[in-house]
Every structure is written in structure tokens, then in C-alpha cells.
Amino acid sequence: MQELLSQPMISFENLGLIEPIQRALKTEGYIKPTPIQEQSIPIILDRKDLLGCAQTGTGKTAAFSIPILQILHEQKQNETRRDRHIKALIVTPTRELAIQIDESIQAYGRFTGLTHSVIFGGVSQRPQLSALQRGVDILVATPGRLLDLVNQGYINLSHLAILVLDEADRMLDMGFIHDVKKILALVPPKRQSLFFSATMPPAIVKLAGTILQNPVKVEVNPIASTAEKVQQSVYFVDKDKKGPLLIHVLSGPEVSSALIFTRTKYGADKLATFLNRAGVKSDAIHGNKSQEARQKALNNFKKGKTRVLVATDIASRGIDVDDLSHVINYEIPNVPDTYVHRIGRTGRAGAEGIALSFCDSEEMVYLRDIHKLIDQTVPVVEDHPFPMMKKMSMKPAPSPKQKRNNFSPGKRRKVYGRVS
Ligand code: AMP
């Protein structure tokens, strides 16, 4: 693996971007590249393979989309007749992410004359086919629908020059490994490959090894450090008081938009109904809702028509809302990485964000795992109208040895964090 030697540059002009792209970035209001963009754009323009360790919120979509647009735009200038083959393919795990990447390509590539399209499952394939038949330079796809359309003979990847695998860790979490392998068998071995993942467990490193050739590694914002730029706090509250506490918190004028997380689809629906009954206009998105319903809810939220969106973790993947003021963990996730992904929805691209968590007595153990991962203790809001009946404290977890010493028959075993 090559190491990155060059110093990061500071402006889009310095990155050698062509005028149509610079103009588009100005239109988007981007002033300077984010660290992942500073590092990745020159490597990709240099036609090298790239292993990017970065999560959403770092600007990684632009980090790969901008140089792809530039490479294909330059190639297009040399074409004598219109080449209708797919030249770049971006594979991403969820529909929401796919749509967002396609929107970004539209925004950054609006003055390049390149064509692009997005395909994903759960909707009719007909409109997607008409776009494909017109010819696309860049295709964004989720794995299932991509393979489906390849098998039906609508997609030919044999002229592909650039392959991007986005959110590779989530791709594996969601069970797409076999689909990814099938896709790899369909693309030319001589190609440029870009591989992005928020985390790099051994399975991901192994997968990257099968895809990339002599890649340059770029790493920004390791998962735990996301937590540093978001202002976090936790409310200890009994389970049955979480609803009233939420109404109280949402009544604060500083909450201009809030993404609220529940663990289950049923919980998301129940909470949205509760909020609407209490006069707080809100929508819920989760996997049981149709793609149309999810997109509508998301658009309403992005446009500020609804101030509150309740989501499950899966449905929220790829939700990218500029200026999201608050993330609220109505339920604490049992997987600590999920907490970091959730709070990373606010405080995007360097902005400040606020993340509030409602923790009941059963969730203390999850909070302790989160503290370990982020290597900090989330400050407690002591002063609120619905304090827990039983006082909680966040003492460090006892070591296994301490636990053994504390436990003797007849003596009540100390339960972590509970002061009775
Ligand atoms: P991503 O990590 O690709 O999901 O991007 C996160 C957010 O950052 C998106 O809302 C982008 O529009 C925004 N963004 C990306 N690059 C920049 C930039 N250079 N300056 C300002 N915002 C950016």
C-alpha cells in the first residue's frame, strides 16, 4: 500500500479542477474542500486505486464524484462519436444513499454534459430502463437491482473504467457480499477502483484486497472522533416519561429540525402518532413504508415542511439533511457504532450539531458501551421536568475481578450504575 506523502491543499482551484466543475461547486456554496476531498481528489485524478476510510458527513461523495466527473469529461472531449456505454459505476447499499449520490452527481456535474442515472429496488424498473436506454455515463446502483437488470440484459458493464464501492462495511452488514462478488465478475479487470468504508474490520480489509490494485490509503475522521464535534448530552428518564420529555425538549426554540431515532419500526410509527396527537407535526420512515412514502417524508423534512422526522437506523442510512439542528436518541442503540452513525447526521461537514439521548434504566448498559467507544462520558442534563424516580450514576463498569469480589451468597449483587 502506498503512503500519502503530499501535503493537503486548500482550495478547489489548487486541486486542478476544470472550470465547469468549479462553477458547479460555487453554485453549491462550497468554499473549500473537506479533508477527504483534499486528499482523495488528486489521487483519483492520477488514476490510482483508493482505499478510503471515511464515513458519511465527511464529504466523501464529492471526494469520489468530482474526480470521476472530471476524468469522464476529459475523455468525452476526445470522443469522435457519442459513446453510450456505462463508464463509471457506483455501488452503494441503500436506496436513500443511491438517490443522494445521484443528486450530488447532478449538482457537481451540471455543467459537464455527462449523463447519469440511479437504479434501486422496490420500485418499478420501467422508468429506470428508459433512462438507461438513453445511455448513461455514470450509473449509481444498489446491488440487487443492478444484478437483476444485468441478468435481464439491460445493463452491460464490459466498458466500465471506474468502479466505486461505497459504504462497504454496511454492504457486508446487510448481507451483500455475494452480490458484490457477482458484480466484480462482471466488470473489466483493468479498471480504476475506489473503495470506501467507515470502518475497516478484517473482513473489509480482505474484500478491499480482492478489488483494489496497489491502492493509496486515505483516512479521515475515524469513527470515534465524529463524536467530538457534536455537542452531546443525555437525559436519564423513566421509559414511560420519554414521550412527555420529548415534547418538552421539542418545544425549545433552538430545535429547528430534529431527527429522532427509535430501535423498531413499530416504535417509530407509535412515536410519530404520539407527536402528531400532541400537535408536533412529524413523519416516520422505516423499512415497512413504501419507497414513495419514505421519499416524500424525507423531502418534506429536507424542505422544512415537517420539523420532526422519526426514523429507524436502517431507514435513516444515507439521510443527509443540511442544517439538521438536533439528533435525538429516543432509544439508545444497543450497538455503540450506531450511536456514532446517528449523531453524525448532525454536525455535517464541520458544522456544529447537537445530539440528545434519552436513557432509561435498562439502557444504561448500552450507554456504558458508547462511552467506551467514543472514549468520553456524555454529559448528563440534571435539570429537567421528568427526572428518573431511581437515581442513576455513570460509575465506571466494575472489572470482572471486582464483580467476583462483590458477589457472595446472601449479599445482594451490585447492579452496575444503579444507586439504590
Ligand atoms: P457526504 O459525506 O458525502 O454525505 O457529505 C456530507 C455533506 O457535506 C453533504 O451535505 C454535502 O453537500 C456537504 N459537503 C460536501 N463537500 C462539501 C464542501 N467542500 N463544502 C461544504 N459542504 C460540503
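Helix H4 (residues 95-108) and helix H13 (residues 291-302) approach each other with their axes within 11 Å, crossing at roughly 55°. The structure is a predicted model, and the mean pLDDT of its chain is 86. This briefing covers the helix pair, the nonpolar cores and the confidence of the prediction.

**The pair H4 and H13**
- The crossing of H4 past H13 is right-handed.
- On the H4 side, the contact is made by Arg 95, Glu 96, Ile 99, Gln 100 and Glu 103.
- H13 contributes Gln 291, Arg 294, Gln 295, Leu 298 and Lys 302 to this contact.

- In soluble globular proteins, nonpolar side chains tend to be buried together.
- The largest nonpolar core holds 41 residues, of which Phe 64, Ile 66, Ile 68 and Leu 194 touch the most other members.
- Helix H3 (residues 60-77) supplies the largest share of this core, with 8 residues.
- Leaving aside residues up to four places away in sequence, Ile 66 touches Phe 12, Leu 17, Ile 21, Leu 25, Ile 41 and Tyr 108.
- A second, separate core has 32 residues, among them Val 91, Val 136, Leu 149 and Val 180.

**Confidence**
- A pLDDT of 70 or more is reached by 87% of the residues in the chain.
- Residues 1-9 have a pLDDT below 50, and this stretch has 18 contacts in the model beyond near neighbours in sequence.
- Over residues 396-420 the pLDDT stays under 50, and the model has 21 contacts beyond four places in sequence for them.
- Where pLDDT is low, the predicted coordinates should not be read in detail.

Technical notes. Residues numbered from 1 in each chain as written. Predicted model: local features only at pLDDT ≥ 70, side-chain atom pairs only at ≥ 80, totals over all residues. Heavy atoms only, no water. Core = buried A, V, L, I, M, F, W, Y, C linked by side-chain atoms within 4.5 Å. Buried < 20%, exposed > 50% of the residue type's maximum accessible area, 1.4 Å probe, protein only. Helix = DSSP H or I, 4+ residues; strand = E, 2+ residues; numbered from the N terminus. Contact = heavy atoms within 4.5 Å. pLDDT = per-residue confidence, 0-100. Axes fitted to C-alpha atoms, helices over the stretch in contact; angles between N-to-C directions. Left-handed = near helix turned anticlockwise from the far one by under 90°.
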